[in-house]
Amino acid sequence: MTTIIEMNHLSKSFRTKDGSSVHALDNIDLDVKQGEFISLIGPSGCGKSTLLRIIADLIAPSSGTITVNGKPPRQARQDRDYGFVFQNATLYDWRTVIKNVELPLEIMNYSREQRDHRAREMLAMVELAGFEDKYPWQLSGGMQQRVSIARALAFQPRLLLMDEPFGALDEMTRERMNNELLRIWTEMNEMSVIFVTHSIAEAVYLSTRVVVLSPRPGRIAEIIDIDLPQPRTPETRDSDAYFHLTSRVRYALRGHMASHGFDE
Amino acid sequence: MADVVNDLKTTPQLLRTHRLVIAPVLGADQSLGRDGVAILLLFLIAATWHIQNPLLQFETQFGSAFRNATLQPVIVMLLALSAAIWVGKPASWRENPLKMGGVVIVIAYTLYMVVAILFRVNIVGALLNIDAAVFTERLTNETPRDGLALHMTITGIMAGVAALTVFIWWTPFLRLSLYIGALARSFAPLMVAVLVLISWEALIAIFQIEAFLLPRPSVIAAAFIETYPRLVSAGWNTFQNALWGFIFGCGAGILTGIFAARFTSFSRALLPVAIMVNAIPIIALAPIFNNWFGALNSTSKIAIVAVLAYFPTLISTIKGLTAVDTLSLELMRSYAATPLAIFRKLRLPNALPYIFAALKVATTLSMIAAIVSEYFGGSTAGLGYKIRDDAGLFKYPEAWASILMASLFGIMFYLAVSAVERALMRWHPSFREK
């Protein structure tokens, strides 16, 4: 399997408004292989979203090196190598559902027929066929997030970056969305996903590897291989192996939270 | 389906026709927008018929309201516009011969009037052997009155058929429940308005306030009805200054706003100054503008309107273009979108609500500036001059009637901009249908 992301000694510090500096990420070394589903998990403020944004070239690291598809992240962004799904759906209010999915295709100069074809295909995949001409406000939160996933995948990137995409959804919807996401990941053959979450259950259920980050400065505390059999089904959540792995992630998180106290 | 059949058995013939023939074409349109278009269209059909016939234009009061030469082409263009809106998308009538017939009649009448009034080619007049010059000149002893009367009857039948078509498709008699609902919703404000008018009338009678201090509403209404042809003409002249000033001022405001928002440092420097200048009562500069651009032409009026409309538009445009959600911007960055694409697909739609809020404020400012600037001299054909003149001659009911006409123009200006806003921003929360 080819390596698509390589991070060496990545660090990031922010300067806050009062002039002090916050050390968000410290010495991150991580490789991501083609087709992996990686979850970044950690307490709030551990820099997991920052790490995702560095991969996406939405912010620059303070030190260390990173390559995406063997290129600097800026080049990868300009080559449209990844799709990004934000915490809230970030749909444009003035566009209908289908026009929202077509947005990246418009920017990337796809023809009108290609745009329409791809957008309909993607909407069918996230099971929103028939909602093409609705406006975002006419959809529920879960449906909006599905549109945003369809939009991120419309131009068929090989890498999907997701920043707590289901954080705002209720537990039932979230579990259904988890299954949807796994199905999509399987359909999009060999696509890699980097998934930021603070739900242990979600991380274990979805991932092939879970990266546990410690809080301030964010360091990799532990990387846990999730060797649950594929494809994962709702029954997976009932297996002993699943319980065992969620406990391991919980202990990994707790170990580092205990030393810092539960001040988050 | 069975429900529909049952329903039809018990409904009167008229309603059945409506449900089976008309409703499927027009759709179950429950908004009052269609009523607005229909009323406007009926009014414009009547107005164009009057403009087109010298006997009506010079000898009836309604006709003489449209004697202003620059108003006439605008009336025809409004007719074409509202006919186009009324006709709607071809898909809605191609399948239905009834609607098709209505569309043909209304389009034919509209085209006839566009040709006759805009291009001065009078087809019926030519067929009746009436000299084309007769239609554009005042009536004299040589005017062929019999020919014109025949012409009036023929065009009157055309206008009548067009109006009847519009009325049949409008079916206001089947929308009574809609109107009752609308009346019920606006009952409170209507009552307040009626109460204000009644107490105004009553208080003047009780305290015997002199008419030159404050005329009764009924007196103002009488003066308005008596002089409305002149008021329309004067109002139109003033409105033109307001409109051109609005177009130049708001156009320049939007363009500089776009330019300023493109260069953050420039807009940071410009915005506080613009906000400060906006706080100055610019209208006070009207006499100085008269000095700069000449008191007698309308340039000085248009200029002061433009300056007044410029600053709020500029400020709102900059705000709308820069107040963009961070995540929406990051989304664009993740697509490696060009600055032009970000502008067209994110910043501009995001700014539209801000820009239209400013434009609506600017309509009111423009009318104020256009009227007040006339107080300081210049053309004698405008409303501002008329208000000042009437007040100076103690003709206060006439002055109040002019103020009423100014309000009507102001309200229509505002509504027109609102309609454009509504058409461009159907997605916006304030226009979401329930």
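In chain A, strand β1 (residues 3–15) and β4(A) run antiparallel and are joined by five bridges. Within this pair, Asn8(A) stands opposite Thr65(A) of β4(A). Strands here are DSSP runs of E with at least two residues, helices are runs of H or I with at least four residues, and both are numbered from the N terminus. Two strands count as paired if DSSP finds at least two bridges between them.

The model is predicted: local features need pLDDT of at least 70 and side-chain atom pairs count only at pLDDT 80 or more, while totals for chains, interfaces and linings use all residues. Residues are numbered from 1 along each chain as its sequence is written, and chains are lettered from A and ligands numbered from 1 in the order in which they are written.

**The two sheets**

Strand β1(A) belongs to an open sheet of three strands, in the order β2-β1-β4 (chain A), with antiparallel pairing. Its edge strands, β2 (21–33) and β4 (63–68) of chain A, each pair on one side only. From one strand to the next, the twist averages 20 degrees.

Another open sheet of chain A has six strands in the order β5-β6-β7-β3-β8-β9, and its pairing is mixed. Because β5 (82–85) and β9 (219–225) of chain A stand at the edges with a single partner strand each, one side of each is left without a neighbour in the sheet. Neighbouring strands of this sheet are turned by 15 degrees against each other on average, direction ignored. Inside it, β6 (residues 159–163) and β7 (residues 192–197) of chain A run parallel and are joined by five bridges; Leu159(A) stands opposite Ser192(A) in β7(A).

Axes are lines fitted to C-alpha atoms, for helices over the stretch in contact, and angles run from 0 to 180 degrees between N-to-C directions. Residues are in contact if their C-beta atoms, placed from the backbone, lie within 7 Å.

| Helix | Strands | Angle |
|---|---|---|
| α1(A), residues 48–55 | lies across β3(A), β6(A), β7(A) and β8(A) | about 150 degrees to β7(A) |
| α5(A), residues 141–153 | touches β5(A) and β6(A) | about 165 degrees with β5(A) |

**The two domains**

Chain A is divided into domain 1 (3–81 + 159–254) and domain 2 (92–156), with bounds from an automatic or database domain assignment. Their C-alpha centres lie 25 Å apart. Twelve residues of domain 1 of chain A are in contact with eleven residues of domain 2 of chain A. On the domain 1 side, the largest share, five residues, comes from helix α6 (residues 171–187) of chain A.

Key. Contact = placed C-beta atoms within 7 Å.
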